[in-house]
Amino acid sequence: MNKKFKYINIDLGIIEAKIPIIEIGKKNLKKSLAITCCIHGNETSSLYIIRNMLQNIKDNKLNGYVKIILISNPIAAFFNSRCSPKDIQDMNRVVPGNNNGTITERICRCILNEILSCDYYIDIHEWSLHSLLQGIIVENNSENIKKISSEMLTVFNPDIVTTLSSKYVHSMYGFLNERKNIPGFVIELSSDTIYDNIKEERVVKSLINVLRYLKISNQEEKIDKKNYVVIGDVNRYVAQKSGLFFPEKKVGDEIKKGEKIGFILDLDLETKEILYNEENTGLIIQLAMKKMINAGDLIYIVSKNEI
Ligand SMILES: [Zn+2]
């Protein structure tokens, strides 16, 4: 495969940040896609997805160019944390960044410039809980950009789709989509995607099909197509105390109002607090697995719209 690897170095005074980038195909070919991973430094499942995708892309079917920015937030990734501990700024809220600003803002601007040379953009993230495969687009005044983004997302075939308002314009994807008219979408992976071959394969094949839609590749992968569910508002349930969480539902289950979702076992390891879905009937789109939880931890998210 025509594959290149390089680091882009960003001088930060007494240290240097390094951005690893893989490029496949030929740059001078018209169709180009940028993919970013690890804008949040601890969301590293995307790297395994990319590795799998690169192993499965057939070189002779490739007739475009893909630039993959593997570690978009190297300082945060070095600390295995969402944001850089240096300035605690969320890179996905400070776009377009600033060459003379904080460390996160400087790196952000560099990443933005790397993406700007491409025609399309996909940003891969990851939830901290088990979740449905989610695709996200933002509102865009250009009907054409919105149409291409939606079509890309339909080809990707996630379980659920959310359309964010233009207040997300300071996310990397929001800025590029709304201000720079670069079509694309955001992927939110489930935290268990890369521990489950079927889930991982589905994401990889769906990404290859997006390359086909964009005419970057002629390769087509067979997937079980099903219609995604559009998610509007959600209800989030946050733990009120410490204890052991025992889920009794699965991600993707519909849960009725008043139905049991699991329980929290007190640290006396005897007293149970049953958790009921207090709000409306909806789809469980995120759910914690068995683990020790603390007050303030997110346990589950249920869609507000009935399905
Ligand atoms: Zn993220």
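## Zinc site, helix packing and backbone features

Lysine 215 lies in the loop between H6 and strand S10 (229–230); helices (H or I, at least four residues) and strands (E, at least two) are DSSP runs numbered from the N terminus. The model is predicted, so that local features need pLDDT of at least 70 and side-chain atom pairs count only at pLDDT 80 or more, while totals for chains, interfaces and linings use all residues. Residues are numbered from 1 along each chain as its sequence is written, and side-chain values use heavy atoms, with hydrogens and water left out.

Lysine 215 has a positive phi although it is not glycine, and cysteine 38, in the loop between S3 and H1, is another non-glycine residue with a positive phi. The table sets out both residues; buried means under 20% relative accessible area, exposed over 50% and partly exposed in between (1.4 Å probe, protein chains only).

| Residue | Phi | Relative accessible area |
|---|---|---|
| Cysteine 38 | near 55° | 0%, buried |
| Lysine 215 | near 60° | 57%, exposed |

A further backbone feature is the cis peptide bond from valine 95 to proline 96, with omega near 20°. Proline 96 belongs to the loop between helix H2 (74–78) and helix H3 (103–116).

The zinc ion has as protein donors His40 (ND1), Glu43 (OE), Glu43 (OE) and His125 (ND1), at 2.0 to 2.5 Å. Donors are N, O and S atoms within 2.8 Å of the metal (3.2 Å for Na, K and Ca); water is not among the atoms, so sites may look incomplete. Along the chain the donors follow the spacing H-x2-E-x81-H. Glutamate 43, in the loop between strand S3 (32–36) and helix H1 (45–56), and histidine 125, in strand S5 (residues 120–126), are 82 residues apart and link distant parts of the chain. Both glutamate 43 and histidine 125 are buried.

The axes of helix H4 (residues 143–156) and helix H6 (residues 197–213) come within 8 Å and cross at roughly 140°. Axes are lines fitted to C-alpha atoms, for helices over the stretch in contact, with angles from 0 to 180 degrees between N-to-C directions. H4 and H6 are therefore oblique to each other. Contacts (heavy atoms within 4.5 Å) join residues of H4, including Ile148, Met152 and Phe156, to residues of H6, including Val203, Leu207 and Tyr213.

Key
Parallel < 35°, antiparallel > 145°, perpendicular 65-115°, else oblique.
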